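Biologist: I'm new to this one. Please put it up and walk me through what you see.

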Number of protein chains: 2
Amino acid sequence: MEVQEYLEARREFFNSRLPGYLPSPEDCPPVLLRAMEYSLFAGGKRLRPILLFAAAEGCGGSREKALPLAAALEMVHTYSLIHDDLPAMDDDDFRRGRPSCHKVFGEGMAILAGDALLTQAFLVLAREAGEAGPRAGEELALAAGPVGMVAGQALDISGAGAGNPEALRRLHALKTGALIQAAVRLGAMSAGAGEETLAGLTEFARAYGLAYQIADDIRDVTKTRQELGKSPGSDVKKGKSTYASLFGLEKARALALEEISRGEKALVALAGDFSLLAGLARSLKI
Amino acid sequence: MEVQEYLEARREFFNSRLPGYLPSPEDCPPVLLRAMEYSLFAGGKRLRPILLFAAAEGCGGSREKALPLAAALEMVHTYSLIHDDLPAMDDDDFRRGRPSCHKVFGEGMAILAGDALLTQAFLVLAREAGEAGPRAGEELALAAGPVGMVAGQALDISGAGAGNPEALRRLHALKTGALIQAAVRLGAMSAGAGEETLAGLTEFARAYGLAYQIADDIRDVTKTRQELGKSPGSDVKKGKSTYASLFGLEKARALALEEISRGEKALVALAGDFSLLAGLARSLKI
């Protein structure tokens, strides 16, 4: 299957099944459920689920077994966006071209919708992920928590990374890299992959995660508001360093391409067919 | 052992071991870890861990096996207090006689400290809870998430429960009752208790949780600022209904005593020695 076709097929599969992992409307206050759904179905690219499926299928696993892990991961990603957009954090009024969760439901309900999605993710893993559940729970908690994604968010709001390439790299490795790495690893876990495959996929994911962040920084300054769904240059305006601001566009592009090539190399020696994963990396718009 | 002695012994045991479940300072941004510790070691009563230990030991289990479950539960309880105190939620500047987390670390870091504690709780269960881990993860996620505690918080900030005893009961059964029920059930699970024991303990916990909330409402209007560690009558001032405001103090007291007696009855027929659990319920100051 071609990369673009795969992306669309898995996105559609994921979107059609994701609602089944939300709490039942009889048990959940309607406004809370609406706030969760508003952000979970806001037209996200589903990048992490698709990486998870590609890793799982590359290891000989199935999208069915990978699905609950993908749902849990996307819930964690979505919660992080809701909390990140809050006035006390990144203060973004728009997300994917629509008002942020807190602009529609109020800050209190947005905080709770994020809390609810994070907690629901662990319920989904415990109930639906079968044999892979316990290990997947550990993986997700490690990647999302205070030595993973939340650590990156804490560094970000503390102004770490300003003007310092090494600090910026660490910040992004935690803030966005940890969940991208978890995506690929969770996919492999759902397929019962061995340690060697996991190690190689982890190396791929680290390189891909960095390339993805650099591409994001480049987009932030080169695209229009309509293309981004929010104000362009918003990171730069907030005084944050980005790869584009630290290195300039040309050097940033070269760094991203270097990472993609490093990522592809990590896949070569592995047992399994990871051509789709490599294709996803190559299809990053840089 | 007498109830008071047991309370103190288990609180001391718990406090001495809880730090071991936090992330290592090498892996976690210092300010994030400080914010987590500030609230986790703020001098809480450790009611939920103590209930958990009493249930575990009543079922013939050990405090050692119960410890990681108690640590995870207290992290979830602490995260809920941090988020609850935020200006967009209950807007409390004080908690246990000290400035709230967000007054010391800022709102953004307080949101993240809460997120981090919630996530760390699931890491602790995955890594440290042994055989009980998977079931405990499901129990905690269900109790804490969008059909449990967070549902109660959502009802609370939406103004549900105002003037209506049945809605108030549901609100509290979710907002505080769900975690109290989880405490008792997690303790039993750590001891490998059977379904019948779990069902009886669940009935006890429901009654205890309601009595605890009524007692809290009574304290809110009868105690001084120094005794409460925050402004007295704060719920009433926010226009929220409480058991005291809906029923008056005398009737509220009678309702609480009725629940305590109902809770004790639920324990009588169970296999195990639950005299400490019953003693804890009787020692509620009403």
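**Helices, chain contact and loops**

Modeller: Let's start with a helix pair: α6(A) and α7(A) pack at an angle of about 155°, with their axes 8 Å apart. Axes here are lines fitted to C-alpha atoms, for helices over the stretch in contact, and angles run from 0 to 180 degrees between N-to-C directions. Helices (H or I, at least four residues) and strands (E, at least two) are DSSP runs, numbered from the N terminus. This is a predicted model, where local features need pLDDT of at least 70, side-chain atom pairs count only at pLDDT 80 or more, and totals for chains, interfaces and linings use all residues. Residues are numbered from 1 along each chain as its sequence is written, while chains are lettered from A and ligands numbered from 1 in the order in which they are written.

Biologist: Are α6(A) and α7(A) roughly parallel or roughly antiparallel?

Modeller: Roughly antiparallel. Angles over 145 degrees get that label; under 35 is roughly parallel, 65 to 115 roughly perpendicular, and the rest oblique. α6(A) passes α7(A) in a right-handed crossing. A crossing is right-handed if the near helix is turned clockwise from the far one by less than a right angle, and left-handed if anticlockwise.

Biologist: Which residues meet there?

Modeller: From α6(A), Ala121(A), Phe122(A), Leu125(A) and Ala126(A). They meet Gly133(A), Ala136(A), Gly137(A) and Leu140(A) of α7(A). Contact means C-beta atoms, placed from the backbone, within 7 Å. By class, that contact of α6(A) with α7(A) has six nonpolar, two polar and no charged residues. Ala, Val, Leu, Ile, Met, Phe, Trp, Tyr, Cys and Pro count as nonpolar, Asp, Glu, Lys and Arg as charged, and the others, Gly among them, as polar.

Biologist: New topic. How many residues does each chain put into the contact between A and B?

Modeller: Chain A gives 42 residues and chain B gives 42 residues. On chain A, the elements giving two or more residues are α2 (30-40), α6 (107-128), α7 (133-144) and α8 (149-157). α6(A) has the largest share, 14 residues. By class, the chain A side has 28 nonpolar, nine polar and five charged residues.

Biologist: And how are the two copies related?

Modeller: Chain A can be laid on chain B by a turn of 180° and a shift of 0.0 Å along the axis, with an RMSD of 0.0 Å. The two copies are thus related as by a two-fold rotation axis.

Biologist: Which residue of chain A comes closest to the rotation axis?

Modeller: Pro134(A), at 3.0 Å by its C-alpha.

Biologist: Back to α2(A). Which residues are buried there?

Modeller: Leu32(A), Leu33(A), Ala35(A), Met36(A), Tyr38(A), Ser39(A) and Leu40(A). Buried means 20 or more other C-beta atoms within 10 Å of a residue's own, exposed means 12 or fewer, and partly exposed is in between; C-beta atoms are placed from the backbone. These residues pack against α4, α5 (101-105) and α6 of chain A together with α8 of chain B.

Biologist: What does Leu81(A) touch?

Modeller: Ser39(A) and Arg95(A), not counting residues up to four places away in sequence. Leu81(A) is in helix α4 (residues 63-85) of chain A. Leu81(A) counts as buried, with 20 C-beta neighbours inside 10 Å.

Biologist: And Leu174(A), where is that?

Modeller: In helix α9 (residues 165-190) of chain A. Leu174(A) is buried too, with 25 C-beta neighbours inside 10 Å. Its contacts beyond four places in sequence are Gly148(A), Met149(A), Ala151(A), Gly152(A) and Leu155(A).

Note on methods:
Contact = placed C-beta atoms within 7 Å. Least-squares fit on C-alpha atoms with pLDDT ≥ 70 in both.
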